[in-house]
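Please look at the structure shown here together with its sequence, and keep both in view while reading.

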Amino acid sequence: MLVNKTTAPAWRGQKAVSNYRVAFTLVTVLFFLWGLSYGLLDVLNKHFQEVLHVTKAQSGLLQAAYFGAYFVIALPAGFFMDRYGYKAGVLVGLCLYALGALLFVPAAAAASFTLFLLALFVIALGLGCLETAANPYATVLGDPSGAERRLNLAQSFNGLGQFIGPVIGGSLFFSATQGTTTEGLASVKTTYVVIAVLVLVIAFVFGRTRLPDIRAQEAEESSGESKSLWQHGHFTGGVIAQFFYVAAQVGVGAFFINYTTEHWQSLSNQNASYLLSVAMISFMVGRFFSTWLMGRVRPATLLVVYAAINILLCAVVVSGVETLSVIALVAVFFFMSIMFPTLFAMGVKNMGKQTKRASSLMIMAIVGGAIMPYLMGAVADRYSTAVAYALPLLCFAVVLAYGLRQRAHH
């Protein structure tokens with residue numbers, strides 16, 4: 001930032017930095033919120049298999065509804081924010097999130113799997129708006145050279161939410177006293193009503209806070225830009241890699257409880273939920289540690305190393321060795337930690353006024369997460385849960401290829 005010798009511009013510069021810090025702090029809260037929602041999702045997967053008597057493939061429809069919504073909302077959210085700004089996109093997203101959480105009340109009353117799918121779809125419409133706004137907003141709130149680190153830091157709090165989700169789900173959803181369908185769904189309903197209230201409070205705080213509008217800054221950065229969006233190789237490759245990465249991440253989590261109870265003798269569903277929280281701690285620690293490491297190692301290099309390690313770990317998981325394979329599955333979470341934010345930041349980097357549209361398409365790539373659980377569920381029903389983990393292994397190979405390409409080009 002250039003600062004004149006006069007005090008007024010210097011004061012304005014300091015104020016801008018302060019505004020950016022406030023904005024970044026509030027945006028980081030959003031990352032926590034959708035991490036919490038996602039952390040609960042994998043617990044619901046197993047819970048609904050038992051309480052609503054659905055198959056593994058059918059329970060995979062939870063992720064299909066959830067991540068399919070991202071595909072549906074991403075482009076409309078991008079166009080909306082082009083016109084009204086990031087803050088408006090965030091507020092719409094929070095309101096949809098709260099509405100979807102409240103739809104858990106009639107879904108629980110009817111004990112309807114279809115209504116739960118609808119509620120999760122509406123929640124995810126809201127989260128899609130939040131991600132389309134918050135991910136690029138975090139990357140541009142400061143120096144472009146620090147974009148990957150900044151987004152990884154914000155996403156670390158997403159990891160915190162993903163850790164807390166299974167703790168809540170494990171302690172409430174799998175309670176020993178909940179023998180009937182009605183009892184089993186009561187705690188699910190209460191949890192989501194509390195989440196709705198929390199989200200509405202945060203929406204109120206956001207509405208009352210002045211945030212920097214960086215649309216003019218984006219336009220300035222891209223003056224003279226003539227290339228179309230798809231002519232940027234780092235963006236096109238980023239969308240493809242993001243599709244396969246999210247497919248892997250969602251698939252790895254969706255059948256975690258199934259896998260661990262099958263490959264760790266006498267492990268209960270409740271304890272498997274707590275183990276999922278340990279995996280999420282691993283994920284969160286991976287993000288904080290790797291954000292620090294990115295100050296010393298190039299993001300593309302770190303992406304290559306982590307993808308290669310996860311290919312090896314998934315091979316151990318597929319082998320199905322008792323206990324050891326469960327430890328390998330938990331370790332996968334640590335090395336997945338940086339992939340989403342790093343791929344996202346690499347994909348939208350230096351896109352200027354095309355940032356929002358690029359961001360929308362990167363968020364649409366999350367639809368990979370809608371497809372993978374159903375495919376893994378079908379493979380698990382036909383063969384075994386262990387064999388199903390060969391699919392995430394292939395996805396990490398795609399991430400590795402993109403990382404190698406980015407490393408060669410920069």
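The axis of a helix is a line fitted to its C-alpha atoms over the stretch in contact, and the angle between two axes runs from 0 to 180 degrees between their N-to-C directions. With that in mind, helix 6 (residues 147–173) and helix 14 (residues 339–348) pack at an angle of about 145 degrees, with their axes 9 Å apart, and their crossing is right-handed. On the side of helix 6 the contact is made by A147, E148, L151, N152 and Q155, while helix 14 brings F340, P341, T342, F344, A345 and M346. By class, the residues of this contact of helix 6 with helix 14 divide into seven nonpolar, three polar and one charged.

The average pLDDT of the protein is 82, and 86% of the residues score at least 70. Over residues 1–13, however, pLDDT stays under 50, and for this stretch the model has four contacts beyond four places in sequence. Where pLDDT is low, the predicted coordinates should not be read in detail.

Helix 6 also takes part in an aromatic pair, one of 16 such pairs that the structure holds. The ring centres of F157 and F288 are 5.4 Å apart and the ring planes stand at 85 degrees, so the pair is edge-to-face. This pair links distant parts of the chain, since F157 lies in helix 6 and F288 in helix 11 (residues 269–293), 131 residues apart.

Turning to helix 12 (residues 299–319) and helix 13 (residues 324–336), one finds that their axes come within 8 Å and cross at roughly 160 degrees. That angle makes helix 12 roughly antiparallel to helix 13, and the crossing of helix 12 with helix 13 is left-handed. Among the residues that make the contact are Y306, I309 and L313 of helix 12, together with A328, V332 and F335 of helix 13. The residues of this contact of helix 12 with helix 13 comprise 14 nonpolar, two polar and no charged.

Helix 12 also holds I311, which is 21 residues from V332 in sequence and, C-alpha to C-alpha, 8.9 Å from V332 in space. If the neighbours within four places in sequence are left aside, I311 is in contact with L393, F396, A397 and L400.

Sorted by class, the contact of helix 9 with helix 18 has 13 nonpolar, five polar and one charged residues.

Note on methods:
Residues numbered from 1 in each chain as written. Predicted model: local features only at pLDDT ≥ 70, side-chain atom pairs only at ≥ 80, totals over all residues. Heavy atoms only, no water. Helix = DSSP H or I, 4+ residues; strand = E, 2+ residues; numbered from the N terminus. Parallel < 35°, antiparallel > 145°, perpendicular 65-115°, else oblique. Left-handed = near helix turned anticlockwise from the far one by under 90°. Contact = heavy atoms within 4.5 Å. Nonpolar A, V, L, I, M, F, W, Y, C, P; charged D, E, K, R; others polar. pLDDT = per-residue confidence, 0-100. Phe/Tyr/Trp six-rings, centres within 6.5 Å; stacked < 30°, edge-to-face > 60°.
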